[in-house]
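Subject: Structure handover

Hello,

Please find the structure below. Notes on its side-chain contacts follow.

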Amino acid sequence: QVQLVESGGGLVQAGDSLRLSCAASGRTFSRYTMGWFRQAPGKEREFVAVITWSGTIYYTDSVKGRFTISRDNAKNTVYLQMNNLKPEDTAVYHCAAGSRGTIYLSDYGYWGQGTQVTVSS
């Protein structure tokens, strides 16, 4: 079992930065692929970024060059550094844990409750 708790969301202006954190319980965190997904109002949850247990990283095209995913296995935490935020980044951001490094929601068995990110123009 893995429990995930996100933090770090907030209300910012376009061009600002935020760093999201996701703290995981359990002693096997380092074995999991960790992903960040987001869900905007009225839209489906979508892939943002993933970091595998071995450190391989993928981003969705819309955040490449602006967002950085990282993990600290000693702290059981995964981060999402978000720079140059845009209004279209407004969403609830969820972290997720899975065994495969994919972009598909169905490959992740554990989810956090999410943290709201709102970017004003």
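Salt bridges

The side chains of R100 and D107 form a salt bridge, with 3.6 Å from N to O. The term salt bridge here means a side-chain nitrogen of Lys or Arg within 4 Å of a carboxyl oxygen of Asp or Glu. This is a predicted model, in which local features need pLDDT of at least 70 and side-chain atom pairs count only at pLDDT 80 or more, while totals for chains, interfaces and linings use all residues. Residues are numbered from 1 along each chain as its sequence is written, and side-chain values use heavy atoms, with hydrogens and water left out.

By the salt-bridge rule, the count is five. One of them joins D89 to R38, where the closest N and O atoms are 2.9 Å apart. D89 lies in the loop between strand 8 (77-82) and strand 9 (91-98), and R38 lies in strand 4, so this pair ties together parts that are 51 residues apart in sequence. Strands are DSSP runs of E with at least two residues, numbered from the N terminus. D89 is buried at 1% relative accessibility, and R38 is buried at 6%. Buried means under 20% relative accessible area, exposed means over 50%, and partly exposed is in between (1.4 Å probe, protein chains only). R38 and D89 also belong to a network of salt bridges that includes E46 and R66.

D61 and K64 form another salt bridge, their closest N and O atoms being 2.9 Å apart. D61 is exposed, with a relative accessible area of 59%.

Aromatic rings

How many aromatic pairs does a search of the whole structure find? The search finds five. Rings of Phe, Tyr and Trp (its six-membered ring) pair if their centres lie within 6.5 Å; planes under 30 degrees apart count as stacked, over 60 as edge-to-face and the rest as tilted. F37 and W111 make a tilted pair, at 5.0 Å centre to centre with 55° between the planes. F37 is in strand 4 (residues 33-39) and W111 in strand 10 (residues 108-111), so the pair links parts that are 74 residues apart in sequence. F37 is buried, at 0% relative accessible area, whereas W111 is partly exposed, at 27%. Ring pairs join F37 and W111 with F47 and Y108 in a cluster.

Charges over rings

The charged end of R45 sits over the ring of W111, 5.0 Å from its centre. The criterion is NZ of Lys or CZ of Arg within 6 Å of the ring centre and within 35 degrees of the ring normal. The charged end of R71 likewise sits over the ring of F29, at 4.7 Å from the ring centre.

Regards

Conventions:
Helices (H or I, at least four residues) and strands (E, at least two) are DSSP runs, numbered from the N terminus.
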